Amino acid sequence: MSQIIQFTLNGTPVSLESDPMRRLLDVLRDDFSETGVKEGCGEGECGACSVFLNGKLVNSCLVALGSIEGMNVETIVHFKNTPAYRVIEQAFSDAGAVQCGFCTPGMVLAAYALLKNNPHPGENDIREAISGNLCRCTGYNMIVDGIRLAAKRGEGKW
Amino acid sequence: MKNSISTPTDRLDGPEKASGKAVYTDDIRPEGLLFARTLRADRPRARITAIRLPEIPDNYFIVDRNDVPGRNRIKMLEDDWPFFAGEVINHVGEPILLVVGPDREKVADILNSIEVEYEDLPPVLSIDDAIAAKSPIFGDDNCFAAYSFRKGDPDTAFSTAKTVIEGEFKTGYHEQAYMEPQGMIGSYKNGKLTVTGSMQCPFYVKNAMMQLTGFKEDAVQIIQATTGGAFGGKEEYPSLLAGHVAVAAIKTGKPVKLVLERGEDLAVTTKRHPSVSRYRSAIDENGRVIAMEADITLDGGAYAGLSAVVLQRALFAAIGVYNIPNVTVRGRVMATNHVPSGAFRGFGAPQAFFAVEMHMEQIASELGMNPLTFKEIHLVRQGDTTSTGGVLRDEIKIHEMLAKVLKMSNYRKKEGIFASKKGRFRSGIGLAIYLHGCGFTGKGEEIIKGTATIRKLAEDRAEILISNVEMGQGAQTTLRKIVARILELPIQNIEYANPDTDRVPDSGPTVASRTVIIVGHLLESAAKELKKRWNESETLSVSKSYRHPSYIQWDQDKLQGDAYPAYSWGIVAVEVEVDTLTYETAVKGVWTVHDVGIAIDEEIIRGQIEGGILQGLGYASLEVMDTADGAYRQHSFTDYIIPTSVDAPVIESELIDNPYEYGPFGAKCAGELPIAGAAPAYAAAVSHALGIEIHEIPVKPEILIKRAVK
Ligand code: FES
Ligand code: FES
């Protein structure tokens, strides 16, 4: 049943022969060692497996490999080298938004997805934007503060 | 207070976690790795009469109890919990065997084609069943542990009371829901077993592996991988998973990884014990409680695990923060054919605080008194004795803290306005006062006798060697900060790797909020000595072992004396709005003040407080977990609902300084404390909004409808 699938991963065209029903999450972790993409639930509930697919934030545990032919996948591995990432990382750090860190790469991507479209979000916009990302450690408010701080500092970087 | 120890430092583990570089268990992929999956019992109690295996292809293995080289029992208090089920299974999800092999899909296929035949036995499926003990599963009375103690003369007090008020209070299961599911990797090379994984207690795992394998101490090595949250859930259960990968690695000679899927993790790992508490109080003519009787029963599940110590902490918290002259406290943990219950932040105390706080609310309401005023007149003061006859030696600042919370929340004003609110949306405000006994209960610290070491690495570098782990709570930052301060070195120059039992002394497990107050204190004194002797040599190590302060006396047989060396304190006020059409409840605000001695880092403490309070609010409201035929009815985060960012209220949080003589820089304990008060404060607020008594959490809309309509 395997099939050749081509897509762009973090700016590099890749091609692999595999079962098109495999979850993008497994392909990224197992075939490309993208272990920054985490599995928290495997059911689209936690957002730990977030990646950008053609610029849109998706849960990679819900995406079948066969459905991404020709598409652009961007993960935390690539995003961490951008100026936008550095603003968010520092803001998260200053706000105390990181504890166990398992949710954090997903939260960072969700924060970016928000700020790209809405550089001056209100509190409710922020809460909505990360409502698909579960965090059990922080109680969320310090993450909300981190995103607010990133918005303030990140003018023009999104 | 600029530049005090409390001034926030950037978390040292922040960047590697945010960027996805941190290596958690499932991110480790050694050469030749095999994957394991577990065949589990699908019923609560039965005898296994046959297991039919399909043909097993080359390079695939079945691993079961016959492969255990040593003893098939997890080393714990009772040693009754098997790694692999014996002939009889005692709970749904009990592991029977592993299928191990290089391809995960194939492993799953093999697993699905195994057939197990059972002969059902009568299961014990509730606390009441367990007490009836018709067909006992533990001893002849199904009781894992029972304790009782008294203070004063409760019998006389009850016989002279003007009024006696009784109440029953219930709490449900509570799932830790750490975001990283549990997982372990085992390998076996040249006679040495190495297990790496997500855990709180490397030496618990090590001791468990030694008993499992019969190997000598130096043939077993345990390494903690970056741990994605634990909350107690990775205190005892990791020993079981470690045992599975260990036996599989020994059998196959290859590294073996076992990572639970979320649904599996929810179904089989330990949760907070459900509880039923009966309270009875004797009230005199002045409206004072002159005696209180508490009787707490916990559902321990199928194996004893840590239940006995969880019960002890529940009982020592049973009278809350009140000075009641005459007290009887009793409790027991019952064996049932449920998944074993276990450690979870608070460790028995949240159940007890819910019960005692709601009982105090209940008494006030039945006496027609204001609940807060009623609680206030009973608060303990410095010098009072605890329910076990210990002495509260240190300064207690709850009155000052209470004044602060009342001001921050505008409590008294809201109390009045909300009570007269009519219409569809009703508001309420409630408050809970709580404490946490720091470190192990009773003689625990004396028995463990933790050792911490600091090693000088270079003129400007040192390393912390302890077995305590960073699991999100900030140990990496707080402990390095303590040592850096004393050695007068930049914090980045203090190394502290994830513990590896081959390299670190046993400083004890990462539990009981003991890491800063106990281990941090050992590090503080080791650092002070190292600082003095810094120039003695290029490489110098200083170790310090725990010494029990002689003034703290505890009698474990009679449960008398100081149950804990010190206490941290908290008060939380919660405001809610209830929609009387749907009985949905929204939290509108939270105000809280804590005394954790001196905060080693205010931001890290704030993170503990906010996370703990939200977890406690979840416990009180959304997080429903119950059983049917011995299995949890909730299978995923779709039906076990934990709070999201939109459910999370803004929390206004303040600290009050109250330095503790034997804590590093005056610090006490903080990690578990904040979860204790959220549930009773929430329930009290709902009760205030609707004018009804609440005796059970989670507070489900169905229950509110029934009660409010009555
Ligand atoms: S792992 Fe994909 S949403 Fe949780
Ligand atoms: S930091 Fe642990 S889950 Fe968010």
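Reader: How many aromatic pairs does a search of the whole structure find over all chains?

Author: The structure is a predicted model, and the search over all chains finds 19 aromatic pairs. One of them joins Phe316(B) and Trp554(B).

Reader: What makes the pair of Phe316(B) and Trp554(B) edge-to-face?

Author: The ring centres of Phe316(B) and Trp554(B) lie 5.3 Å apart, with 80° between the planes. Centres within 6.5 Å count as a pair, and planes over 60 degrees apart count as edge-to-face.

Reader: Which residues have the most contacts inside the largest nonpolar core?

Author: They are Phe92(A), Met209(B), Leu431(B) and Trp569(B), in a core of 198 residues. Helix α17 (residues 675–690) of chain B supplies the largest share of this core, 11 residues. Another core lies apart from it and has 30 residues, among them Ile5(B), Ile482(B), Leu540(B) and Ile600(B).

Reader: With which residues is Met209(B) in contact, leaving aside its neighbours within four places in sequence?

Author: The contacts of Met209(B) include Phe83(B), Leu193(B), Val195(B), Val220(B), Ile222(B) and Ala246(B).

Reader: How do you know that Cys438(B) and Cys669(B) form a disulfide?

Author: The sulfur atoms of Cys438(B) and Cys669(B) are 2.2 Å apart. The cut-off for a disulfide is 2.5 Å, so this pair qualifies. By this rule the count over all chains comes to one.

Reader: Why is the disulfide of Cys438(B) and Cys669(B) called left-handed?

Author: The torsion about its S-S bond is about -65°, so the disulfide of Cys438(B) and Cys669(B) is left-handed. Cys438(B) lies in the loop between β16 (425–437) and α13 (444–448) of chain B, and Cys669(B) in the loop between β27 (651–655) and α17 of chain B, so the pair ties together parts that are 231 residues apart in sequence.

Reader: Why does Cys438(B) count as buried?

Author: Its relative accessible area is 0%, and buried means under 20%; therefore Cys438(B) is buried. Cys669(B), at 1%, is buried as well. In chain A, Cys49(A) counts as buried at 2%, and Cys103(A) is buried at 8%.

Reader: What makes Arg533(B) partly exposed?

Author: Arg533(B) has a relative accessible area of 27%. This value falls between the limits of 20% and 50%, so Arg533(B) is partly exposed. Arg533(B) is placed in the loop between α15 (515–532) and β20 (541–545) of chain B. Not counting residues up to four places away in sequence, Arg533(B) touches Leu540(B) and Val542(B).

Reader: How do you know that the charged end of Arg104(B) sits over the ring of Phe35(B)?

Author: The charged end of Arg104(B) is 4.8 Å from the centre of the ring of Phe35(B). The distance limit is 6 Å, with a further limit of 35 degrees from the ring normal. Lys456(B) likewise lies over the face of Trp534(B), at 4.7 Å from the ring centre.

Reader: How many residues does the contact take from chain B and from chain A?

Author: It takes 54 residues from chain B and 43 residues from chain A. The two chains bury about 3800 Å² between them, 52% of it on carbon and sulfur atoms.

Methods: Residues are numbered from 1 along each chain as its sequence is written. Chains are lettered from A and ligands numbered from 1 in the order in which they are written. This is a predicted model: local features need pLDDT of at least 70, side-chain atom pairs count only at pLDDT 80 or more; totals for chains, interfaces and linings use all residues. Side-chain values use heavy atoms; hydrogens and water are left out. A nonpolar core is a set of buried Ala, Val, Leu, Ile, Met, Phe, Trp, Tyr and Cys residues joined through side-chain atoms within 4.5 Å. Buried means under 20% relative accessible area, exposed over 50%, partly exposed in between (1.4 Å probe, protein chains only). Helices (H or I, at least four residues) and strands (E, at least two) are DSSP runs, numbered from the N terminus. Contact means heavy atoms within 4.5 Å. Rings of Phe, Tyr and Trp (its six-membered ring) pair if their centres lie within 6.5 Å; planes under 30 degrees apart count as stacked, over 60 as edge-to-face and the rest as tilted. Buried area is the accessible area (1.4 Å probe) that two parts lose on being put together, summed over both.
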